[in-house]
Amino acid sequence: MRKPISGAVAAALGLGLATLALGTAVPASAAPEPATTAATAKVAYAGSAEEAAANKAFFEAVLKSVAEKRAAAPRSAAAVTVVYNASRAPSFSAEIARSTSIWNSSVTNVKLQAGTASAADFTYREGNSSQGSYASTDGHGSGYIFLDYAQSDQYDPTRITAHETGHVLGLPDHYSGPCSELMSGGGPGTSCTNAVPNTTERSRVNRLWANGLAAALR
């Protein structure tokens, strides 16, 4: 297991919990596999309207942050740049780099780029949390993605990172989806290692950043 860091963890907005019958909580983005026996029965997590609204708020906060910077210094490039800082998640540097590469090769209207904490539209953090991995924001452009040690030992850490980054780019959870759908999170079970968004998810992100940014710049 990765070594934990100290410090308090802010309240999560992006994800909820799925609960094991034995009382152990696991994060929604890594929803448990279907039950095989009564002794190990698990309750599937289907998300909630509150969490969907929170994930949408995170996307809108990042969109606002990017739009404000772009309006102050207009660029000719069609793609929008979203700056992140990963200095507070050193254990996940490889996964964050892979997730960034995946997203940057999957969509055209928005690109992720590493930068300083002061210039970042969002940041990555790491540690231990009963909420697992999640996306959080105060609604004013200071959102962050929290990557949980225990969850990354159970589920594919690159899929977790790419999934949570999907919330930054505007995608909601869809736990009932197949492994080929990135935003199905842990719904397909621990054997699912796909970290690439499918065609529908790519199209949705491109549409959101074309239309969403245009609206935010008005």
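The model is predicted. R159 sits in helix 4, which covers residues 157–168.

**R159 and its surroundings**
- R159 has a relative accessible area of 4%, and it counts as buried because that value is under the 20% cut-off.
- The side chains of R159 and S184 are joined by a polar contact of 2.7 Å.
- A polar atom of the R159 side chain also lies 2.7 Å from the backbone oxygen of N194.
- R159 and N194 are 35 residues apart in sequence, yet their C-alpha atoms are 6.1 Å apart in space.

- S133 belongs to the loop that links strand 5 (122–127) with strand 6 (134–136).
- The side chain of S133 makes a polar contact of 2.4 Å with the side chain of Q151.
- A polar atom of the S133 side chain is 3.0 Å from the backbone nitrogen of D148.

**The chain as a whole**
- The protein chain contains five helices and seven strands.
- Read from the N terminus, the order of these elements is β-β-α-β-α-β-β-β-β-α-α-α.
- The protein chain has 218 residues, and 47% of them are buried.
- Of the contacts between residues at least 6 apart in sequence, 65% join residues at least 24 apart.
- The protein chain exposes about 9,900 Å², and 56% of that area comes from carbon and sulfur atoms.

Technical notes: Residues numbered from 1 in each chain as written. Predicted model: local features only at pLDDT ≥ 70, side-chain atom pairs only at ≥ 80, totals over all residues. Heavy atoms only, no water. Helix = DSSP H or I, 4+ residues; strand = E, 2+ residues; numbered from the N terminus. Buried < 20%, exposed > 50% of the residue type's maximum accessible area, 1.4 Å probe, protein only. Contact = heavy atoms within 4.5 Å. Areas by Shrake-Rupley, 256 points an atom, 1.4 Å probe, with all protein chains shown as cover. Polar contact = N/O pair within 3.5 Å; in protein donor to acceptor, adjacent residues only side chain to side chain.
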